Amino acid sequence: MRLAQDPGSLARRDLGLALAGADDYARAQPILEEMWQRSGGLIAGDYSFFQVAHAAALMAIRRVANADAGIGELIAAIRDDVRRKREAGIVRTGQIQSVDYDEGLAAFLVGEQETGLALIAKASADGFFIPPNEAYLQTLYDNPGFAPIRATQEARQARERDRFLAIVCTDNPYAAVWQPAEGACERVTADG
């Protein structure tokens with residue numbers, strides 16, 4: 001409640017994103033619209049005031065509320081951010097940031113599905129984590145072309161989880177401060 005009432009809080013934009021992710025568009029929209037206005041209509045990098053995820057959430061909300069009103073300005077901001085990054089030589093992909101994902105999502109959201117899905121798949125293959133359950137990304141999740149991308153990401157996560165558990169369930173270097181949840185090691189220890 002404090003975040004919702006504190007217009008100066010940077011965390012307020014993340015509250016808007018969380019509400020949009022939970023399909024609470026009525027509460028998310030005023031927060032995200034305010035953050036969009038405060039950003040000056042600009043997305044400026046992965047650590048900026050208003051980011052690509054916030055723009056995607058606001059697009060979904062606007063589509064539900066008013067059939068595409070104002071979508072173009074949000075797409076233009078994403079594409080401008082991608083262009084600036086590429087011109088500056090920023091091409092990295094990490095777990096939480098990817099120029100390919102940003103460009104792919106913008107393409108997908110304007111109907112360039114093949115291009116968008118190809119860039120999203122590349123980002124995922126390079127290690128970018130696509131949030132699996134955000135209401136504002138439902139059109140992406142529902143697209144049959146996204147199913148193989150999701151399956152590949154889920155398989156990679158399972159492999160990484162198994163490698164991690166193989167370490168912490170046999171010789172936990174963090175034992176003094178952290179223990180795996182009860183039952184987490186059963187399969188690992190059973191497999192030897």
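This passage looks at the overall make-up of a predicted protein chain and then at its helix 6. In this predicted model, local features need pLDDT of at least 70 and side-chain atom pairs count only at pLDDT 80 or more, while totals for chains, interfaces and linings use all residues. Numbering starts from 1 along each chain as its sequence is written, and side-chain values use heavy atoms, with hydrogens and water left out.

Starting with the whole chain, the tally is 10 helices and zero strands; here helices (H or I, at least four residues) and strands (E, at least two) are DSSP runs, numbered from the N terminus. Of the 192 residues, 40% are buried, where buried means under 20% relative accessible area, exposed over 50%, and partly exposed in between (1.4 Å probe, protein chains only). As for contacts (heavy atoms within 4.5 Å), 51% of those between residues at least 6 apart in sequence join residues at least 24 apart.

Zooming in, helix 6 spans residues 99-109 and is mostly covered, with 10 of its 11 residues buried. Among the buried ones are V99, Y101, L105, F108 and L109. The cover over these buried residues includes helix 4 (52-66), helix 5 (71-87), helix 7 (113-125) and helix 8 (138-142).

Just after the helix, G111 takes a positive phi of about 95°.
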